[in-house]
Amino acid sequence: MNQIFKDKQDFITQYRAMVRANTGKEFELCGSHDRFYALAELIATRARRIASENELEIENTGQKRVYYFSLEFLIGRLLDNYLLNFGIRDMVSDALKEMGTTLEELEIREPDAALGNGGLGRLAACFLASAAHEGIAFYGNGMRYEYGLFKQEIVDGRQVELADNWLKHDYPWESRRPESAVEVVFGGTSVSYEKDGRTMWRIDGGQKILAVPYDIPVVAYGGKLVNKLRVWKAEPNEDLFDLDAFNRGDYAQANAGRAEAEAISTILYPADAGEHGKILRLKQEYLFVAAGINSILRTFRKEHGSDWKLLPEYVAIHTNDTHPAMCGPELMRVLMDEEGLEWDEAWDIVTKTVSFTNHTVLPEALEKWPITTFKPLLPRLYQIIDEIARRFRESFPSDNPEWREMFQKTAILWDGEVRMANLSIVCSHSVNGVAELHTKILKEQVFKEFYELTPEKFNNKTNGVTHRRFLAEANPSYSKLITSKIGTGWLDDAMELKKLEDYVDDEDFLLAMAASKRENKERLARYIKETTGIVVDPSSVFDVQVKRFHAYKRQLLNIFKVMDIYNRLLDDPDFTVRPTTFIFSGKAAQSYYFAKEVIRLINSVADVVNSDERVNDRIKVVFIPNFRVSNAQLIYSAAEISEQISTAGQEASGTSNMKLMMNGAITLGTLDGANIEIADLAGRENVKIFGLTEPEVVALQKSGHYFSWDEYNADRDRLGRCVDELTDSTFSRLSGTFDSIRRELMDNNDHDLVLKDFHSYVQAWEELTEAYGDTLAWNRMALHNTANSGHFSSDRTIREYRDEIWHA
Ligand code: NBX
């Protein structure tokens, strides 16, 4: 363990000095805001010092560097994480108590950095942590949005979005690096010229933007290694200030260029699928790619000179989804236009350096840009993409009987659009999916033609999550219990959790697990009371579905189950259920009407059920507003049922399923994404599976024989009644009826098969909650889940990327 303070006294002395230096006041006279900033500064200084020592070492040893390009890094709060990783969390917590405050009081002062939408962004953050743990020289490359993902409030059951002004106060972990700023050019004209008998290209004119990097240290567990996340802010170049306008007194005009430049890094796009074509988004994508590539090459040149052939030996560039798809073309541009390489040489370097992960099979989420938008904004890059597309077409095997189909499906430019996924695949030496089933679907369906052409490129890397944040930090009482039996080794190596299986028959241990869960449920119950006013019973089952709202994730199916249980409790005196609290949380994209209506439905059902004294001693429904990394940690640790109910074949992997499994929640799920691997590892008897499988879904859709009206008619009493209640007065009290949801189910033939899976889902839920009655047996199931969750640590995932893709 790296000792950054000699002992508690040393910490207190240095901390007091920092408070004084920052504020000019004694610790006792400061509020928690100042106390937090001083503590953060103290820790950040240490982290930066280690980071620069690491830099030197990497330079000296020539270790390969991995650059992870992602438009999103959902890092959340860092203080607790840094303390845990430096091994000083308990010491600092004690010291703070001695000083008359608590760690919790200071922690909540930290902005919860929401530079991401959901799973994809959080995965990138987990990878930062795990790569540092594995000793990889790993650098995140992203955007420093002034506004992160919107804050969600619920008003009359509806989602309302508020700006997330997370940089209102300083961000203590970042350091601005103006000396490493990069100029990025938009627009202009691509012109050729002759140099040494060769045709070369340059851009004349255009808008010049300055990308300024900010570095955030990433501390490895154990504290010995500190990596960096580099995020870029767009700023005007001085010449964007219009002095003529200024002298005329037209200050708005004088500043217009400035505002336009800064707009590029103002806001994170809040849609996690679809919504392409926005020019600002395309500017974001190019800005962080161009700035990142420039900064990589600068470092390479400093360390290895200009022998670009060596680039793939010392540098790996990984592209997180298609948002950084311009990495390949931009690297081509710099190598050819600025370094004078020939096409073939440059292409060889690019395809050996770049790799790509796909995160979705939804056709509407596959990014495409109208050429009419793309070409004027990035004229030289477009030329290069056009040439990549041409050469790819020429290499095409037209002896294949299905070549026309293949040709069309693999085209990079088609129908007036640039297809970013196809571009990413052609530029990469590796293409991976994020769970076994997902990768299989990529090979056999989504990218079938590419798989036939280049099967060697395709591979699977099942997602993982950092168990240090999502188990150790999120669940202190369970962690303590685990450590008391198997020691602390599991923090380093999550596979050691397997040792817990020695305790499956240890009744004391199983009861201690139950007590720990109870403690976490009480903690969450307090949070629910504070944020929603709803009182929930900590002895009820905590049934949890927390994730982005999407039709395919089927929060609608879950709330249909609740509506059905409610109806039966009212109608049937013999019907009994295990008392349950149904907990939902998550955001919907602003423009996603259907998803927002499902949120309103859940809140409307909550409004009715929670105030109905005939049932509210048995069921309660809670929608926790503003789901984010910090409250997620409270929710995962208190969960008992993990709802993972997407239509089979739609969820690429899922990662909340893994976080919940670690915390001992039992998966109630379809055979989709990583649920399949969870079920295999935990054991089928320790999860509850229901619903159509992926091949069944495909066959049913293909047959054309699914009719939602048949489902409705076959069970008018229960299922049909729930459908009817969407448009009658049952749940309309809060803010009206739900006609569009009904239309989706009945007129649009229930695209996500909610009605189809309804019965098997409700039955599975009933059987699972029945099993809850046996405390020992339930906790034994929970134990098998935690014990087998080691595979889903992102440490394992990162090692696979390192060994099989990056070779770092
Ligand atoms: O990526 C998610 C998938 O839906 C999950 O199944 C998977 O576990 C996770 C990590 O691999 N995708 C996701 O979160 N996508 C986005 O957030 C997104 C954001 C912006 C955008 C498109 C997608 N333009």
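The structure is a predicted model, in which local features require pLDDT of at least 70 and side-chain atom pairs count only at pLDDT 80 or more, while totals for chains, interfaces and linings use all residues. Residues are numbered from 1 along each chain as its sequence is written.

**Overall architecture**

- The chain holds 34 helices and 25 strands, where helices (H or I, at least four residues) and strands (E, at least two) are DSSP runs numbered from the N terminus.
- The radius of gyration of the chain is 27 Å, close to the 28 Å that the globule rule gives for 808 residues, so the chain is as compact as a globular protein of that length. The radius is taken over C-alpha atoms, and the rule is 2.2 Å times the number of residues to the power 0.38.
- Along the principal axes, the C-alpha atoms fill a box of roughly 90 × 75 × 60 Å.
- Of the 808 residues, 49% are buried. A residue is buried if 20 or more other C-beta atoms lie within 10 Å of its own, exposed if 12 or fewer, and partly exposed in between, with C-beta atoms placed from the backbone.
- Among contacts between residues at least 6 apart in sequence, 75% join residues at least 24 apart; two residues are in contact if their C-beta atoms, placed from the backbone, lie within 7 Å.

**Ligand shell**

- The ligand is surrounded by 19 residues, of which the closest are Gly-119, Leu-120, Asp-272, Ala-652 and Ser-653. A residue is near a molecule if its C-beta atom, placed from the backbone, lies within 6 Å of it.
- The shell divides into 6 nonpolar, 11 polar and 2 charged residues. Ala, Val, Leu, Ile, Met, Phe, Trp, Tyr, Cys and Pro count as nonpolar, Asp, Glu, Lys and Arg as charged, and the others, Gly among them, as polar.
- At least three shell residues come from each of domain 1 (177-210 + 233-463 + 799-806) and domain 2 (467-566 + 575-690 + 757-791), with bounds taken from an automatic or database domain assignment.

**Strands and a covered helix**

- Strand β17 (residues 417-419) pairs with β15 over 3 bridges in the antiparallel sense, and Val-418 of β17 stands opposite Trp-369.
- Strand β2 (residues 73-76) is covered on both faces, with Phe-73 and Ile-75 buried on one side and Leu-74 and Gly-76 buried on the other.
- Antiparallel to β2 runs strand β3 (residues 113-115), joined by 2 bridges; Leu-115 in β3 is the bridge partner of Phe-73.
- In helix α16 (residues 420-427), 8 of its 8 residues are buried, including Met-420, Leu-423 and Cys-427.

**Loop residues**

- Asp-321, in the loop between β13 (315-320) and α11 (327-338), has a positive phi near 65° although it is not glycine. Asp-321 is buried, with 23 other C-beta atoms within 10 Å.
- Arg-554 also is not a glycine and has a positive phi, of about 60°; the residue lies in the loop between β20 (541-546) and α23 (555-571). Arg-554 is buried, with 26 other C-beta atoms within 10 Å.
- Lys-457 lies in the loop between α18 (448-453) and β19 (458-460) and counts as partly exposed, with 19 C-beta neighbours inside 10 Å.
- Leaving aside neighbours within four places in sequence, Lys-457 is in contact with Ser-428, His-429, Ser-430 and Val-431.

Conventions
Two strands pair if DSSP finds at least two bridges between them.
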